[in-house]
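Dear colleague,

I am handing over the structure below, and after it I set out what was found.

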Amino acid sequence: MIEQYISVRKAVAKQLLSEKDCVYAVFLLTIVLKKMQYDSKGGGHFNVNPDIVLIHKGGGEKVKVKLLGDDIPHEACNGKPDFDTEGFNPCFRAPESFLGRFSPSSDVYSLGMLLAYMLQRTYPYDINEQMAKTEILRVVKKEAPKLEISEPLQTIICKSISIKVGDRYKNAEEMGTALMDDLGLEKPKNFRCFSDSNKKKMSEGTNNMHETDDRHETLLSTKEPRLDVDMSVREGEGF
C-alpha cells in the first residue's frame, strides 16, 4: 500500500491534525534537522515551511513526515550565503536571515513558526506571504506573538521564535528535547546522536579487533536510530 503524503499547508487547511499530531510532527523534524546540521558541519536547511514539509497520517497511526531538500543541507554563514535565498518563504525566515546570517538557530525559528501555524492555522504575527520582506521584518520585531494555545507550548514557541538568536534554543536538538517533555517521551540519562567526531571504538571478536564508526550510534536504542522519519520513530528515539 502506497502511503499518501500531503503538504502541511493542505493538512492544516483540512484540519486533519490534532495538537499532539502537530507537536509530534515537529519533533520528527528536529531529528531530520539534527542530521542536516551534522552533515553540513554546523549548517542546516534554512527554508522549513508548510509547503515543503509533507505529512502522512493513517488511521490510528502516529504522523510521519518528509522534509523536501533534506538531502541538500546548507552551510552556516554570517552575511554572504553561497545558496539562493530568493525562493525562501519570508514568513518562516528568522530575522537575522534577511541579513544573510544563517545558523542552526535559524531553523529553530522556522520550526517555531511552523508549529504555531499548525496549531492555530495562522501565523503568530499579522503577516502574510504577499507582504514585502522589510514589512514582515518590521512586524515581527515590533509586535508580540499572538498565541492562543496551551502551556508549555506557548513557552516553547516563544523561545523558538525569539528575535534575538541568543534567546532561542541553540539548535533543533535542544528544541526537540523540550518537545519530548510535552509529548511525555522518556529521556534516557545518557544519550547521544551524531557525535561531532567520528569516534572509533574497538570491539573484540574471535581473535580479531574490529573498528566501528559510531557516527550514527544512539544510546536511546540498541538499534540504529530511525533517521528516515517518513517512518515514525519510537518514543524517546532520535537524539
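Predicted model: local features only at pLDDT ≥ 70, side-chain atom pairs only at ≥ 80, totals over all residues.

Residues are numbered from 1 along each chain as its sequence is written, and side-chain values use heavy atoms, with hydrogens and water left out.

The structure holds nine aromatic pairs (rings of Phe, Tyr and Trp, the last by its six-membered ring, with centres within 6.5 Å; planes under 30 degrees apart count as stacked, over 60 as edge-to-face and the rest as tilted). In one of them, phenylalanine 46 and phenylalanine 83 are stacked, at 5.9 Å centre to centre and with 25° between the planes. Both phenylalanine 46 and phenylalanine 83 are buried. Phenylalanine 83 also pairs with phenylalanine 102, and because their ring centres are 5.2 Å apart with the planes at 65°, this pair is edge-to-face. Phenylalanine 102 is buried, as is phenylalanine 83, and one aromatic cluster is formed by Phe46, Phe83, Phe88 and Phe102.

Two charges also sit over rings (NZ of Lys or CZ of Arg within 6 Å of the ring centre and within 35 degrees of the ring normal): lysine 66 lies over the face of tyrosine 5, 4.5 Å from the ring centre, and the charged end of arginine 93 is over the ring of phenylalanine 98, at 4.6 Å from its centre.

Methods: Buried < 20%, exposed > 50% of the residue type's maximum accessible area, 1.4 Å probe, protein only.
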